[in-house]
Amino acid sequence: FTVIMNIAASRISKFLLILFAVLNVTFVLLIVGNLFGLSLVVNIGGWFGILTAFIAWYGCAAIVINSSFKKQLLPLGVYA
């Protein structure tokens with residue numbers, strides 16, 4: 001599902017493209033780490049999950065702040 005969303009996001013904004021790309025990396029690391037019992041890979045996947053959360057929070061903040069001020073203060077890289 002996230003791969004499909006990543007493909008669709010590539011036509012919407014750079015923010016969503018980056019968000020879903022990092023989320024895909026997170027999922028792959030967590031899956032591989034758990035399937036093969038590699039705790040280091042699971043740990044790295046967890047850090048990528050935290051990075052994903054920060055990216056998502058930035059997007060939420062950008063949408064709310066940009067809407068509140070009716071101008072683009074935090075860029076999302078929306079395609080025309």
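1. Basis of the notes. The model is predicted: local features need pLDDT of at least 70, side-chain atom pairs count only at pLDDT 80 or more, and totals for chains, interfaces and linings use all residues. Residues are numbered from 1 along each chain as its sequence is written, and side-chain values use heavy atoms, with hydrogens and water left out. Helices (H or I, at least four residues) and strands (E, at least two) are DSSP runs, numbered from the N terminus.

2. Packing of α1 and α2. Two packed helices are described by the angle between their axes and the distance between the axes. Axes are lines fitted to C-alpha atoms, for helices over the stretch in contact, and angles run from 0 to 180 degrees between N-to-C directions. The angle between α1 and α2 is about 160°, and their axes are 8 Å apart. The two helices are therefore roughly antiparallel to each other (angles under 35 degrees count as roughly parallel, over 145 as roughly antiparallel, 65 to 115 as roughly perpendicular and the rest as oblique). The crossing of α1 past α2 is left-handed, meaning that the near helix is turned anticlockwise from the far one by less than a right angle; clockwise would be right-handed.

3. Residues between α1 and α2. On the α1 side, T2, V3, M5, N6 and A9 meet L16, L17, F20, A21, L23, N24 and F27 of α2 (contact means heavy atoms within 4.5 Å). This contact has 9 nonpolar, 3 polar and no charged residues. In this classing, Ala, Val, Leu, Ile, Met, Phe, Trp, Tyr, Cys and Pro count as nonpolar, Asp, Glu, Lys and Arg as charged, and the others, Gly among them, as polar.

4. The two sides of α1. Which residues of helix α1 (residues 2-9) are buried? They are T2, N6 and A9 (buried means under 20% relative accessible area, exposed over 50%, partly exposed in between, with a 1.4 Å probe and protein chains only). They cover an arc of only 65° around the axis, so they lie on the same side of α1; the arc is that of the directions from the helix axis to the C-beta atoms. What covers these buried residues includes α2. V3, I4 and I7, on the other side of α1, are exposed.

5. N24. This residue belongs to helix α2. N24 counts as buried because its relative accessibility is 14%. Apart from neighbours within four places in sequence, N24 is in contact with T2, V3 and N6.

6. S10. The loop between α1 and α2 holds S10, which counts as partly exposed at 33% relative accessibility. Not counting residues up to four places away in sequence, S10 touches L17 and Y79.

7. Packing of α2 and α3. Helix α2 (residues 14-35) packs on helix α3 (residues 39-69) at an angle of about 160°, with the axes 8 Å apart. That makes α2 roughly antiparallel to α3. Here too α2 passes α3 in a left-handed crossing. By class, their contact has 15 nonpolar, 8 polar and no charged residues.

8. N66 and I63. Both N66 and I63 are found in helix α3. N66 counts as buried at 15% relative accessibility, whereas I63 counts as partly exposed at 47%. N66 touches K71, Q72, L73 and L74, leaving out residues up to four places away in sequence. I63 and L73 are 10 residues apart in sequence, with 9.6 Å from C-alpha to C-alpha.
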